[in-house]
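Keep the viewer open and follow along as each part comes up.

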2 protein chains.
Amino acid sequence: MTARNLTELELRALDPRVINLSDGHAHQTLSAESQAGIRTAVERALAGTRPDYPEAERQFLRALTHHTGQEYPDGRTFVTYASSVAMSAVASHLRRMDRPVGVVCPTFDNIPGLLRTLDIKPIPIDERDLTPTVDLARLDLNGLGALVLVAPNNPTGRCPTRASLEELIGWAAARDVLLVVDTAFRWCDDTMRWDLVRAAEEQGADLITIDDTGKALAFADVKAAVIGVTRRLSEPIRAIHTQYLLNVSELGLRALTVMLDPSRPDNELERARKIILKNRAYFDNAIEAQVGSIGQDPRRRDRNPALSVEWLRLPTGRDTLLEECRARQLEVLNGDQFFWAGESLETGTFVRLALMRDPAYFARGIDLFVESLSRTRNVHRRLPLRNRRD
Amino acid sequence: MTARNLTELELRALDPRVINLSDGHAHQTLSAESQAGIRTAVERALAGTRPDYPEAERQFLRALTHHTGQEYPDGRTFVTYASSVAMSAVASHLRRMDRPVGVVCPTFDNIPGLLRTLDIKPIPIDERDLTPTVDLARLDLNGLGALVLVAPNNPTGRCPTRASLEELIGWAAARDVLLVVDTAFRWCDDTMRWDLVRAAEEQGADLITIDDTGKALAFADVKAAVIGVTRRLSEPIRAIHTQYLLNVSELGLRALTVMLDPSRPDNELERARKIILKNRAYFDNAIEAQVGSIGQDPRRRDRNPALSVEWLRLPTGRDTLLEECRARQLEVLNGDQFFWAGESLETGTFVRLALMRDPAYFARGIDLFVESLSRTRNVHRRLPLRNRRD
């Protein structure tokens, strides 16, 4: 079956026989303390004697605030199943606005994909026009009614500075542009840990944030997404949100709260930061040790060290590399479809690696990856030039 | 805050101080055996050593088949977070068809609500034209391109017979009408435990089923919905579904599989059937014991004894009753908004009670309910006729 989008590519990596460095979900093991807290939450749910959903949601949001730097006030906060469900609800609102919608490019293709299922034709906005500073003159050329960005961006990690984002918010207020900021990857990036909704409120702009625990907190894909909105959007988004759900799982929220618990120095976001550092260091060492036999360094110079994925570019041999990896039971993600607006000169060169894995598991994957890279290089050396496909 | 829809009415009942007979989610306690099975699933997830999502999904679907009587073949089955997310994905497809969409009325208002967020204007189809037999001549008057029904229906329990539904499928094939059947309440109703997708395939009709565990299986609202489609719909629905998600929680599916486990005579669906019987019997006895002081019997003669909600009609005093219940910290659901197409002569008379609760908890609620009913009756006796509000 041909994969039509990134999600379908990631599906292949769910096979338990392969090492999965493909999807960007968090899959690392939890600390013993988090596990104990989750067992307590499970026992409470099983006993069924003290359900208190409103309390569970309040505690979850309070813990979330600690990590994102954003307030989640009543009436302007909507907790839902996943960021895609959040984006789908927001997309319904965008469709009704019936004004041009810009979407950052590259980015994970389900964002433009969800808009397209509603026949919104997203206008690609090159991320270089948004990060690290915003090119307002270029933005103005598009006559946008809404702009969807991912900050930091998946997969590149590029991110507007706080000053630039505040400038963008001012522009949005002046131009009456709705800003939608997918903040699913902001957890470990201090550039983005501040209150965007409050800043928009102060400048009189309309803004929506979508936080998502699934990219950082790993408990069998138990997750929640949180939609935060400025005051004027409260009514229309609530009207859509309440068509979707009454509540998410109370147990899910309590488990996530355990993992987020700011009172524990070893909470799962602190551990996530360390895993990102450790796995990226392992990857760097592995590449540097073999760069001679690989013949090219696939790393980007402008990468974001706080991002939980690694975005690579291989000017030659990318498809052979993917085949070599697959032959070794390793799945990494073909990155072409992040460029959702169509092919570019660089199509055929991108790979994304997921870092939110246990270090030992990740290291096994990286060893196979570097082995595949070296092998790819050797294949290329042996081929006469005219037979190369890249 | 005024409730704009049924979900917002149900929100009030999440307050832990009240007895919640409002929302139709399952909230009963699990058997000791189910609890033990869930603990094992939790430990497996926490250990993180043997993730196998495809296996978890296969086992879940196999257990589901046992209870729904339907096959869930690869490529035509899409597991998602909740029935609303499923309906939203289906609604995207319906919008693209750009043909008139009929929706059964009454029914839970988030179904027409989700369609309306996409500016589809649902055409109300009176459930009496669909149940127990189908009035094809009347249906033909609407020129439908799609028909959404809930079988058995929430809240009335009305349900087409199998023969009628097969006749409807034949009609849909002949008229090229897409049938969407929300089967979230079919668990305990043998009328609906058969393979609708297969029947549609055999007659050449397009049909979608949406199963949902949340109305029968109670584990802190951990749930899944399953979209089943006939062959021709496989591609378009997959294209939409994969914009939403890669996978649901593996732990969630394993916990649900434990609860469904057909090899255990005391599985949670058998227990659900017994709870429905027991709670309905308690309710009946309570009403019958007090019918003299109540002065009216709110029960419907055509009710469905297999349904997990009880649908009541009170020709007089409904609003006073709701106030009396609320004063006693009991929440039941004002049923008016199930009539999503607008007010009728009977508006102001409906109440829905949820039965999927532990019998002791349910009994406390019903005692308060009957007390409120008697009190309402007495209030009415004392009021001069011209001051009555109903």
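In this predicted model, chain A and chain B bury about 5,200 Å² between them, and 56% of that area lies on carbon and sulfur atoms. As for the residues that touch, 61 of chain A are in contact with 61 of chain B.

The polar side of this interface deserves a look too. Ten salt bridges are found across the interface of chain A and chain B. To see a salt bridge between the chains, go to Arg96(A) and Asp119(B), whose side chains meet with an N to O distance of 3.4 Å. Counting polar contacts between chain A and chain B gives 34 residue pairs, with both residues at pLDDT 80 or more.

Which elements of chain A give two or more residues to the side that touches chain B? They are the helices α1 (6-11), α2 (32-47), α3 (53-68), α4 (83-97), α5 (110-117), α9 (234-244) and α10 (250-260) of chain A. The largest share comes from α2(A), which gives eight residues to the side of chain A that touches chain B. By residue class, that side of chain A divides into 28 nonpolar, 15 polar and 18 charged residues.

Now stay within chain A and look at how the chain is divided. The domain assignment gives domain 1 of chain A as 6-30 + 267-387, and domain 2 of chain A as 32-260. Over C-alpha atoms, the centres of these two domains are separated by 27 Å. Their contact takes 30 residues from domain 1 of chain A and 40 residues from domain 2 of chain A. UniProt, in an unreviewed entry, places the feature "domain: Aminotransferase class I/classII large" at residues 19-289 of chain A. That span is 46% helix and 14% strand, and its end C-alpha atoms lie 22 Å apart.

How much area is buried between domain 1 and domain 2 of chain A? The figure is about 3,000 Å², with carbon and sulfur atoms giving 61% of it. Here Leu30(A), Leu269(A) and Trp340(A) supply 29% of the area that domain 1 of chain A buries against domain 2 of chain A, more than any other three residues.

Polar groups also link the two domains of chain A. The count between domain 1 and domain 2 of chain A is two salt bridges, and that for polar contacts is 14 residue pairs, both residues being at pLDDT 80 or more. On the domain 1 side of this contact, α1, α11 (268-294) and β9 (309-313) of chain A each supply at least two residues. The helix α11(A) gives the most to that side, with five residues. The residues of domain 1 of chain A that touch domain 2 of chain A divide into 15 nonpolar, ten polar and five charged. Elsewhere on your tour of chain A, Asp190(A) and Arg273(A) form a salt bridge, their closest N and O atoms being 3.2 Å apart.

Finally, a few backbone details. Most residues other than glycine have a negative phi, and most peptide bonds are trans. Against that background, the peptide bond from Thr131(A) to Pro132(A) is cis, with omega near -10 degrees; Pro132(A) is in the loop between β4 (123-126) and α6 (136-140) of chain A. In chain B, the peptide bond from Cys105(B) to Pro106(B) is cis, with omega near 0 degrees, and Pro106(B) is in the loop between β3 (101-105) and α5 (110-117) of chain B. Asp119(A) is not a glycine, yet has a positive phi of about 60 degrees. You will find Asp119(A) in the loop between α5 and β4 of chain A.

Technical notes: Residues are numbered from 1 along each chain as its sequence is written. Chains are lettered from A and ligands numbered from 1 in the order in which they are written. This is a predicted model: local features need pLDDT of at least 70, side-chain atom pairs count only at pLDDT 80 or more; totals for chains, interfaces and linings use all residues. Side-chain values use heavy atoms; hydrogens and water are left out. Contact means heavy atoms within 4.5 Å. Buried area is the accessible area (1.4 Å probe) that two parts lose on being put together, summed over both. A salt bridge is a side-chain nitrogen of Lys or Arg within 4 Å of a carboxyl oxygen of Asp or Glu. A polar contact is a pair of N or O atoms within 3.5 Å; within protein, one must be able to donate a hydrogen and the other to accept it, and residues adjacent in sequence count only if both atoms are side-chain atoms. Helices (H or I, at least four residues) and strands (E, at least two) are DSSP runs, numbered from the N terminus. Ala, Val, Leu, Ile, Met, Phe, Trp, Tyr, Cys and Pro count as nonpolar, Asp, Glu, Lys and Arg as charged, and the others, Gly among them, as polar. UniProt positions are given in the numbering used here, feature names are shortened, and annotations may be inferred rather than shown by experiment. Domain bounds come from an automatic or database domain assignment.
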